[in-house]
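Dear colleague,

Here is the structure for your files. My notes follow below it.

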Amino acid sequence: MISAIDVFTLVCVAAGAIFFLAGTVGLLRFPDTLTRLHALTKADNLGLGLIVIGLLPRVDSVTAGIKLICIWALVLFASALVSQLIGRAARREELDQ
Amino acid sequence: MASMLASADAVTAGGAWLVLALIVPVAGILAAMLAGGRHVARIVVVVVLVGFAVAVAIGWQMLQSGSELVYWLGGWAPPLGVGLRADSLSAVMMVITAVVVAGITIYARAEFRTPAGVTEARAPYAFWIMLLGIWCGLNAVFVSADLFTLYVALELLTFSAMPLVCLDGRAETLQAALRYMIFALMGSVLYLLGAVLIYGAYGTLDIAQLGQVTQADAATVAACVLMTIGLLAKTALFPLHLWLPPAHAGAPPAASAVLSALVVKGSFFIVVRIWFDAMPGVPGLGAAQLLAAMGAAAILFGSVIALRQQRLKLLIAYSTLAQIGYLFIMFPLAFDPAVGAFVRGDALTGGMLQAMSHATAKAAMFMAAGLIYATLGHDRIGDMAGVARVVPVTVLAFAVGGVALMGIVPSGAYLAKKLLLGAADGSGQWWWSLVLEAGGFLTASYVVLVIAQALAKPAAPIVPRVRVARSQEWAALLLAVCSLLLSLAVLGPVPASLISNPLAPKELLASAIAIIGGALLVLAYSRELPRFAIVDRIAGLLRPLRGALCALAQGFVRIDDAARQWSIAGLSMLALTLMFAAAMVLQR
Amino acid sequence: MNVMPWAGALVAVLLLALALWVIVVRSTFAAVVGFVAYGIILSLVWMLLHAPDIALTEVAIGSGLTGVLLLGAGSRLRGTEGNENAHAPGAVVRVVAALLCAAVTVGLALTVLLLPEPAPSLAPLAAANLYRTELGNPVTAVLIAFRATDTMLEVVVLLLALVGAWSLAPDRLWGGYPGLRHHADPNGMLVYAARRLPPLGIIVALYLFYAGSNSPGGEFQSATVLAAMWLLAMLAGVTHAPPTAALRVRALLVMGSTVFLVVGVVGMFTAGAFLAYPEGWAKVFILAIEVPVTLSIAVALGMLMAGAPERTVPA
Amino acid sequence: MTETTLLGLCAAVLVGLGLFGLIVNPQPLRKVLAFNVLGGGVFMLFGVVARRGAAMGFGGDPVPQGLVITGLVVSFAATALAVALILRLYAVAGTASLRADAIDATTAPADDAGGGDAAAAPRRN
């Protein structure tokens, strides 16, 4: 028996997984650092967000839900930070050449 | 097998001493690390005194009760908890370690003194703390009854030994330290892999419990092979010795003494624990023959190459390689075909005695080499004629240590050899008797070379570069004498009839033959010849023969150079793993 | 986890591919990046093996700290790569090595297949004795009660490794500041993160510490998060590693093991054995050990990351 | 074959790969990496052993799980120490090679690191 919550989770997590897949393909196929970054950060953040949203209705407790959201927020922060740093490094390298 | 809670009966009175053996060096490390500066050396002195007392107390307890000491840490019984266990082997090793550490401490106080004008200097701080770390690791090896605690103890040993190798910071010693570090890490991972398989098969890591349940099934055989190979890499048994000569020859003398005398004995001791206590019925005679064959190769290569060295410290390092080989001859001799297992007996006593006598003698020889280096400003064997006139006590220490190693009455090595020869005769393995006898001549050869050269007349009077501290000379001599008198110290457990009067004609003759044999080997193929007129004349007569033998010996050197390349040593390690596995499987 | 029977196979394939990459790829940088990914996949394996405590440790230490350490070293050694690769062993050696390694692998795999069924386990004994430790997490009970001596020795191992690393400094720099200078842009993102993240990290560390007594977590994981925050601040140039001669550093380092020893000896007199906890007091004794040990491990990990002293003035 | 057994076989392959890297790769840093791969395999096998011993409501035998945590910390310490040694060797010799002929035996202990600040190290008190 599939409930509405199951359907919601299934759709969200599947969509999230597709974003991850797209991001990974982009990482492997795009030609230079900046475009790869573009593929990774956008797709991954959205993908993770969808997965977290998909899982939220299934948590046992409020604290578990808060933990999930905290993880998402931390990953967002970290990926923004890292893409900034990588972007700068790539730009510097470009200017050097 | 699994008793639920700590019941009092398995823990013996006096077991708490074992805890002290473990925590006294730890307390010393912590105090020294915090206090720093000049306090470090003072703390070490206190720790040496207390640790010595603890070791003696443990030995005394065991003599009194005649049984093992057992302690359960935290009151948790194995297999859930960790036990400490000391048998007679642990006790004698702990006492001899305390003696050697004490001797090295006396010696090193002059070498590692914090210079005036600074509150703290690098080398003394590191040396003393690492010395305590090694002691802590060794005591943990001797008293631990748990395979995983032994792994932690092994890593304690490696991490403490590595910085000693490169204490002087020269590029070549840093490289030697790095080779040692990575090879030793590979060894400890293999050991851990073996312990993992043991846990997977039996659900316990306690050695005494394993001794009752181990069978030669796939997991146990694989575990035995992996642990043995890992430990052999850490012990530097030929051909897994790539790190030993540069590491032991390049370290400061006090550090070389620690490394050569003590550190390699730690992993050797665990091999003994595994083969005799944890799984006596698993390895079988074939694997033991392989082990002893590696030992024989070590004796041959180590001794021959020692005689081809130009530097004294390298000569002693290669002598260590040979002496490590000696330790493994006992394994096939200790196998009892009737029960199909390794049993404690004369062979094991002999092997352990050899380890103890090498520990004391080799520490003394490295210390003496350090003093000779300090006096002359170099340790070139070819240029040290006459050094005995400048530092007679030092040369005497080297000579006594060397004679003790050769196995002349009443040294520990003499008794060890006698016990091993007896065991070889008893089990009909005459070929190991040959190896033992030949080993005596080979050992004599490099000792005779150094002593003869030190006694020779110098080309010009020697002006010592520095006056070596008297305490250092006497510390070396003390350890050498310990080695020479070691057989008397174990008279209690060993019948007195085994030790003959050293001045009896038969023994004098045996000693003379050993020395003459050694001298002939020196004439035959040593790289440096002692500066005596008669030597030149004999060497002149023997020239064609000597040329051929030197070429042969140089071949050994080349094989050794190749074996010590990283990739070759790695391949040897894997090949030996497979060979040991095949030997153990085919035994069934 | 058996909802997805193929999850194990997928993870295993990924893990093997990454390990192969780490071993054979030419560039060290690529190998280290592969290793970090290897560590992350390995922590997934730990989840599949129902070992969340190890998964946390693996991702924090095995992948995180080790990865940063190796990345830093790799970038410093970049110049030596080509020269060394020119001295790689010849094809014969490689082939023989591959064959021998394959033989060892096959032997080990056979051993794994032949491990006895049913598997021996100490889980029943641990479960039966867990109440005496007043802990809910059996892994923490193993680390801090059943086998506390191993943990004590292990912290000493960390200290000795640290003194060993310090001893590699040149004589005149002894007691000085470890690590490289980091010229971070004061207005850059890294500095921003290094100012904003540590408070959050400290909360996470406290949570891991608190959770460790009953659920996954514990002093090692907590200490690693603390060390990672410190490392971030050091990398960003917000702070620098303290001089190795500083008394406060050495006091923090030895504090954990000292308390461990003292509590152990107290146990000898109050509970009859070294590192035994008296009935009803286990939680207090364990907490008394865990707090200083966590701090000491955090400082030791951070200082190990910083390495040998490299200058006499702060960055 | 169960998932646990599969992971056990995977661990065996990791051990083989790690050993191969340790023996064949000439760069010491890569050997340290290979050592970590090898260690990962050994620890993973321990985890498989723990999982096989799952009982009493525990997902795995907690004793090996605790030992793996200890082992991971020890292996990090080993890695850090080895890396420090490699970097020091590079600073002194200009190479991090393990080949005996790569180092000029006459190299003096060089006080090269530290960027030229010749002042005495700060000492406490």
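**Aromatic residues**

Phe268(B), Trp275(B), Phe276(B), Phe328(B), Phe331(B), Phe335(B) and Phe342(B) make up one aromatic cluster. The model is predicted, so local features are given only at pLDDT of at least 70 and side-chain atom pairs only at pLDDT 80 or more, while totals for chains, interfaces and linings use all residues; side-chain values use heavy atoms, without hydrogens and water. Residues are numbered from 1 along each chain as its sequence is written, with chains lettered from A and ligands numbered from 1 in the order in which they are written.

Over all chains, a search of the whole structure gives 22 aromatic pairs (rings of Phe, Tyr and Trp, the last by its six-membered ring, with centres within 6.5 Å; planes under 30 degrees apart are stacked, over 60 edge-to-face, the rest tilted). Trp430(B) and Trp431(B) are edge-to-face, because their ring centres are 5.5 Å apart and their planes stand at 85 degrees. Trp430(B) is exposed at 55% relative accessible area, whereas Trp431(B) is partly exposed at 33% (buried is under 20%, exposed over 50%, partly exposed in between, with a 1.4 Å probe and protein chains only).

**Chains C and D**

Four pairs of chains are in contact, and chains C and D share the most contacts (contact means heavy atoms within 4.5 Å). On this interface, 85 residues of chain D meet 103 residues of chain C. The buried area is about 8,300 Å², with 74% from carbon and sulfur atoms (accessible area, 1.4 Å probe, that two parts lose on being put together, summed over both). Arg52(D), Ile69(D) and Phe76(D) lose the most area on the chain D side, together 9% of what that side buries.

Which residue of chain C forms a salt bridge with Arg52(D)? The partner is Glu117(C), with the closest N and O atoms 3.2 Å apart (a side-chain nitrogen of Lys or Arg within 4 Å of a carboxyl oxygen of Asp or Glu). One salt bridge is found across this interface. There are also 13 residue pairs in polar contact, both residues at pLDDT 80 or more (N or O atoms within 3.5 Å; within protein, one must be able to donate a hydrogen and the other to accept it, and residues adjacent in sequence count only if both atoms are side-chain atoms). H3(D) gives 23 residues, the largest share of the chain D side (helices are DSSP runs of H or I, at least four residues, and strands runs of E, at least two, numbered from the N terminus).

**Chain A**

Eight residues of chain A contact nine residues of chain C. Here the buried area is about 710 Å², 80% of it from carbon and sulfur atoms. Between chain A and chain C there are zero salt bridges and one residue pair in polar contact. Chain A does not touch chain B, the nearest C-alpha atoms being 33 Å apart, and no contact joins chain A to chain D, where the closest C-alpha atoms lie 20 Å apart.

**Backbone points**

Pro118(C) sits in the loop between helix H5 (91–113) and helix H6 (123–133) of chain C. The bond from Phe238(B) to Pro239(B) is cis too, with omega near 0 degrees.

Leu275(C) is not a glycine but has a positive phi of about 65 degrees. At 1% relative accessibility, Leu275(C) is buried.

Regards
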